[in-house]
Amino acid sequence: MVEILRGDLIAQRIEGEVRDRIVQLQQQHDCHPALAVVLVGEDPASAIYVGRKKRAAARVGIRSIEHRLPADTAESDLMALIAALNADPAVHGILVQLPLPQQISSDRVLGAISPDKDVDGFHPVNVGRLSTGTGGLVPCTPLGCMILLDQVFDDLKGMKAVVIGKSNIVGKPVALLLLERECTVTVTHIHTRGLPDIARTADIIVVAAGVPGLVRGDWVKPGAVVIDVGINRVVDADGAKRVVGDACADEMDHARVITPVPGGVGPMTIACLLSNTVRAAEMALG
Ligand code: GUN
């Protein structure tokens with residue numbers, strides 16, 4: 001029988017650990033961790049994610065400062081806000097919710113955030129540190145995936161991992177983290193030829209393709225572990241709205257472990273954002 005690995009429960013444990021670290025920061029250094037969350041425009045999914053991040057911050061004692069800007073904001077105005085947040089010693093983490101409206105270059109904006117406050121781990125300096133294994137803030141969803149794998153395995157050395165998806169937010173960084181742990185990593189995407197055959201060779205599949213139900217049961221070797229990063233909103237035949245992952249959950253009985261959607265990777269992403277914010281505050285103390 002496949003084990004359902006409840007990310008929501010592990011995220012609760014991480015939140016508890018983050019809460020303890022915040023108490024220490026407050027008592028020993030009079031430091032009150034703060035996260036600036038910037039939302040540009042009216043994308044409904046982004047508004048939901050930002051709301052979740054703010055509520056989670058409040059639960060653990062992180063002050064969140066929300067900056068909502070209109071969809072027609074000029075890039076220069078957003079850059080001015082980021083410069084002010086970079087310079088503010090009371091702000092420890094800065095998160096600019098993606099996607100940004102098309103008149104704004106995400107690359108320029110992410111590159112303007114101080115790497116020390118870059119709790120998303122998207123700044124080129126942090127990307128470089130990740131690729132050389134030299135520390136830095138690590139993107140939240142990939143970090144959450146690794147913590148989930150650590151619940152299953154003592155050691156990932158020598159395992160064959162197949163990553164499906166090549167985004168800067170998940171696919172590429174999770175591949176680097178798996179490589180750092182001495183997995184043999186194959187990075188694939190929806191245009192990869194023979195993808196089912198490649199997936200079938202994996203001990204670990206991390207799928208972040210944004211395609212509902214992409215990974216079928218026969219793509220998964222018996223005993224493999226499937227980390228499903230997909231969050232897809234679909235409408236059933238009966239008109240009901242549901243959130244589903246990138247793997248066909250009802251075809252995974254022969255797998256060893258699968259993460260559910262919802263309640264798997266999603267809550268881990270938020271827990272890792274909190275943890276990164278506290279880490280940024282700790283690092284700021286020197
Ligand atoms: N949009 C989708 N995922 C993310 C994320 O992890 N961070 C930010 N800032 N925006 C996102």
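This section describes the overall fold, the ligand shell, the nonpolar core and several local backbone features of a predicted model.

The protein chain contains 9 helices and 11 strands. A compact globule of 286 residues would have a radius of gyration near 19 Å, and the value for the protein chain, 19 Å, agrees with this. Along the principal axes, the C-alpha atoms occupy a box of roughly 50 × 40 × 35 Å. Of the 286 residues, 43% count as buried. When contacts between residues at least 6 apart in sequence are considered, 67% of them join residues at least 24 apart.

Two domains are assigned in the protein chain: domain 1 covers residues 30–114 and domain 2 covers residues 140–266. Their centres, taken over C-alpha atoms, are separated by 28 Å. The ligand lies between the two domains, because both of them give residues to the shell around it. This shell consists of L95, V96, Q97, L98, D120, C140, T141 and I169. Strand β4 (93–96) and helix α6 (140–152) each supply at least two of the shell residues. By class, the shell has 5 nonpolar, 2 polar and 1 charged residues.

One of the shell residues, L98, also takes part in a cis peptide bond, which joins L98 to P99 with omega of about 0°. P99 is placed in the loop between β4 and α4. Another cis peptide bond runs from V261 to P262, with omega near -5°. P262 is in the loop between β11 (257–258) and α9.

Helix α4 spans residues 106–112 and includes A112. A112 has 20 C-beta neighbours inside 10 Å and therefore counts as buried, since the cut-off is 20 or more. Beyond its neighbours within four places in sequence, A112 is in contact with M79 and I82. The C-alpha atoms of A112 and L78 are 10.0 Å apart, while the two residues are separated by 34 residues along the chain.

The largest nonpolar core is made up of 88 residues, and those with the most contacts inside it are I205, V206, V207, V226, I227 and L274. Helix α9 (residues 265–284) gives the largest share of this core, 10 residues. Domain 1 and domain 2 each contribute at least three residues to the core. For V226, the contacts beyond four places in sequence are with I205, V215, V220, A247, M252, A255 and I258.

Helix α7 (residues 171–180) is mostly covered, with 7 of its 10 residues buried. The buried residues are G171, P173, V174, A175, L176, L177 and L178. These residues pack against helices α5 (124–132) and α6 and against strands β5 (160–164), β6 (184–188) and β7 (204–207).

Just after α7, E182 takes a positive phi of about 65°, although E182 is not a glycine. E182 is situated in the loop between α7 and β6. E182 counts as exposed because 12 C-beta neighbours lie inside 10 Å, and a residue is exposed at 12 or fewer. A positive phi, near 50°, is also found in D30, a residue other than glycine. The loop that holds D30 lies between α1 (7–29) and β2 (34–40). With 7 C-beta neighbours inside 10 Å, D30 likewise counts as exposed.

Definitions and conventions
Residues are numbered from 1 along each chain as its sequence is written. This is a predicted model: local features need pLDDT of at least 70, side-chain atom pairs count only at pLDDT 80 or more; totals for chains, interfaces and linings use all residues. Helices (H or I, at least four residues) and strands (E, at least two) are DSSP runs, numbered from the N terminus. The radius of gyration is taken over C-alpha atoms; the globule rule is 2.2 Å times the number of residues to the power 0.38. Two residues are in contact if their C-beta atoms, placed from the backbone, lie within 7 Å. A residue is near a molecule or strand if its C-beta atom, placed from the backbone, lies within 6 Å of it. Ala, Val, Leu, Ile, Met, Phe, Trp, Tyr, Cys and Pro count as nonpolar, Asp, Glu, Lys and Arg as charged, and the others, Gly among them, as polar. Domain bounds come from an automatic or database domain assignment. A nonpolar core is a set of buried Ala, Val, Leu, Ile, Met, Phe, Trp, Tyr and Cys residues joined through C-beta atoms within 7 Å.
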